[in-house]
Amino acid sequence: MKKQTPIIEIKGLFKSFGKDKDVLRGVNINVNKGENLVVLGKSGSGKSITIKCLVRLVEADKGEIKVFGTELTNLAEDELNQVRLRIGFLFQNGALYDSMSVRENLAFPLQRHRPEFTDTQINIAIEETLESVGLIEAIDKMPSELSGGMRKRVGLARTLILKPEILLYDEPTTGLDTITSREISELIISIQMKFKTTSIIITHDMACAKFTSNRIVILRDGVVYTEGTYQDLEQSEDQWVRSFFI
Ligand SMILES: Nc1ncnc2c1ncn2[C@@H]1O[C@H](COP(=O)(O)OP(=O)(O)O)[C@@H](O)[C@H]1O
Ligand SMILES: [Mg+2]
């Protein structure tokens, strides 16, 4: 079988904050096209920092970061922004603009990044994207009128509207009840299927990890400690690894 070229290649990533705080100490992660990779690790193990370094929201101290075959580490700002437009980032506490309706929240990234779009094109894109997250009925609501799960969906729609090829989810189900978490996990899969996106999903919700992952990596002491499918790792001989799955 032909070996796939990864769409994301992180090699030897180092990041420290001050001299006593080595957070990343040589992280290697590859993600194949169309794959959902889940990243596990204890709180503070550097999961969020890893994906922030990936898009250079945080500058790594050392390491290679190749996305779509392009090395990002030395890329000039305008070229970097071109690559970032192809990557959707769902922050841990990604908030909507409270003073704007759902429609306006979704129009915002288009007005900024797709200035050539007409009002009609903007409205069509908003409606199509809300359909794909199952929220068309909320189009003229304000964020304060929505449940936590609905706000997450709108946040996701706001990212999806730019048609990213890669999605980075940071704790997508945190703070949601079990049923709503399940709905978000289902949505992550439906987006993977519908838009053929490649995703990195940071989570400590094991139901989400099980449901959404094609493969899992676990960070420990600043490196990828182990990787495998959910089923592999659940049956690991390493008790520390297994402890995530209890
Ligand atoms: N800007 C910063 N300055 C100093 N330390 C930071 C900064 N950002 C993150 N850290 C530290 O880096 C470590 C990893 O953070 P993070 O990647 O957010 O962990 P998590 O795995 O929980 O997402 C934590 O100990 C955190 O305190
Ligand atoms: Mg985090």
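Predicted model: local features only at pLDDT ≥ 70, side-chain atom pairs only at ≥ 80, totals over all residues.
Good morning, colleagues. I shall begin with the sheet. Six strands form an open sheet in the order β6-β7-β8-β3-β9-β10, and the pairing within it is mixed. The edges are held by β6, residues 87-90, and β10, residues 223-228. Each of these two has a single partner strand, so one side of each remains without a neighbour in the sheet. On average, neighbouring strands of this sheet are turned by 20° against each other, direction ignored.

Helix α1, residues 47-54, packs on this sheet. The helix touches β3, β6, β7, β8 and β9, and its direction makes about 150° with that of β8.

Let me now take two of the strand pairs. In general, the strands of a sheet pair through backbone hydrogen bonds, in either a parallel or an antiparallel sense. Here, β7, residues 166-170, and β8, residues 198-202, are paired in the parallel sense over five bridges. Within that pair, D170 has I202 of β8 as its bridge partner. The strands β9 and β10, by contrast, run antiparallel and are joined by five bridges. R220 finds its bridge partner in V223 of β10. These two strands form a hairpin with two residues between them, and D221 in the turn has a positive phi of about 50°.

The largest nonpolar core comprises 42 residues. Those with the most contacts inside this core are L40, I126, L130, Y169, I216, I218 and F245. What does I218 touch, leaving aside residues up to four places away in sequence? Its contacts are L40, G41, V223, V224, Y225, T226, L233, W240, V241 and F244.

The last topic is charge. In general terms, side chains of opposite charge can pair when their charged atoms come close. The count for this model comes to ten salt bridges, and I shall discuss some of them.

The side chains of K15 and D61 meet in one of these, at 3.9 Å from N to O. K15 belongs to strand β1, residues 8-16, whereas D61 is in the loop between α1 and β4, so the pair ties together parts that are 46 residues apart in sequence. Are these two residues buried or exposed? K15 is buried, with a relative accessible area of 12%, while D61 is partly exposed at 47% relative accessibility.

A further salt bridge joins the side chains of R56 and E59, at 3.0 Å from N to O. In this pair, R56 is buried, with a relative accessible area of 13%, and E59 is partly exposed at 41%.

R86 and E165 also form a salt bridge, with their closest N and O atoms 2.8 Å apart. R86 lies in the loop between α2 and β6, and E165 in the loop between α5 and β7, so this pair ties together parts that are 79 residues apart in sequence. R86 is partly exposed, with a relative accessible area of 34%, and E165 is partly exposed, at 33%. Finally, E35, R215 and E227 are joined into one network by salt bridges that share partners.

Thank you for your attention.

Terms used: Residues numbered from 1 in each chain as written. Chains lettered and ligands numbered in written order. Heavy atoms only, no water. Core = buried A, V, L, I, M, F, W, Y, C linked by side-chain atoms within 4.5 Å. Buried < 20%, exposed > 50% of the residue type's maximum accessible area, 1.4 Å probe, protein only. Contact = heavy atoms within 4.5 Å. Pairing = 2+ DSSP bridges. Helix = DSSP H or I, 4+ residues; strand = E, 2+ residues; numbered from the N terminus. Axes fitted to C-alpha atoms, helices over the stretch in contact; angles between N-to-C directions. Salt bridge = Lys/Arg side-chain N within 4 Å of Asp/Glu carboxyl O.
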